[in-house]
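I wanted to look up a few side chains and what surrounds them. These are my entries, kept in the order in which I made them.

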Amino acid sequence: MTLPDSGSAGREAVEAITYRVAESEGDRSAVIKGEFSSDTVFEVVGSGSGFTIRPTRLDPPVHKVFPDDEPEGDRASEGKRRFIALDSDRVCGYVDTEYEPWNRRLLIADIEVAGPYQGRGIGRTLMSHAIDWARACDAGHVWLEVTNINAPAIRVYQRMGFTFCGLDTSLYSGTESEGETALYMSRFLDQSAGQ
């Protein structure tokens, strides 16, 4: 047992987080409002022959709350899987995945961790489960999309081995995210190695 250090004396004790595949309708329909704060934007600078992505400091920092998505209904399929993080019986995080066999890609469709649980490694653990699922599906790579202003997520994805592989300057046109750029990141998998 580890005793709390002086910096955590005021924190409330948190039960152990458990992880599993979403089993019930309640697991599959749990929604966490996505949000983040960032003091950096990954600015996309175009030129005649390509583009550069460079981190640029923001002053003041930005706080973003994602708008609600349109409900898609329960379209469970063999290639889709949701992994959830539970604090007791409360869903505090999830990652939605979809395997695309035609190009052996596991798509990270959504990953969310509730605000009070952020910064505790829950997102990294959920992504680890998704990567294990990708290997079980014989995926060659894992792919995701992230807005260029979500620097905290981009940095975590980079530490996890993801690299930039593309962008879309029009994906968010006509939405509450107008003016942001969609960055695509991928991580190639070595099937013989663990994570």
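I looked up Arg82 and found it buried, with a relative accessible area of 10%, where buried means under 20% relative accessible area, exposed over 50% and partly exposed in between, with a 1.4 Å probe and protein chains only. I noted that this is a predicted model, in which local features need pLDDT of at least 70 and side-chain atom pairs count only at pLDDT 80 or more, while totals for chains, interfaces and linings use all residues. Residues are numbered from 1 along each chain as its sequence is written, and side-chain values use heavy atoms, with hydrogens and water left out.

I placed Arg82 in strand β4, residues 80–87 (strands are DSSP runs of E, at least two residues, numbered from the N terminus). Its side chain comes to 3.0 Å from the backbone oxygen of Ala30. Setting aside residues up to four places away in sequence, I listed the contacts of Arg82 (heavy atoms within 4.5 Å), among them Asp27, Ala30, Tyr94 and Asp96.

I then turned to Ser38, which lies in strand β2, residues 35–47, and is buried at a relative accessible area of 3%.

Is Pro60 buried or exposed? I found Pro60 exposed, at 62% relative accessibility, and placed it in strand β3, residues 50–65. The C-alpha atoms of Pro60 and Ser38 are 9.2 Å apart, with the two residues 22 apart along the chain.

Definitions and conventions:
Helix = DSSP H or I, 4+ residues; strand = E, 2+ residues; numbered from the N terminus. Polar contact = N/O pair within 3.5 Å; in protein donor to acceptor, adjacent residues only side chain to side chain.
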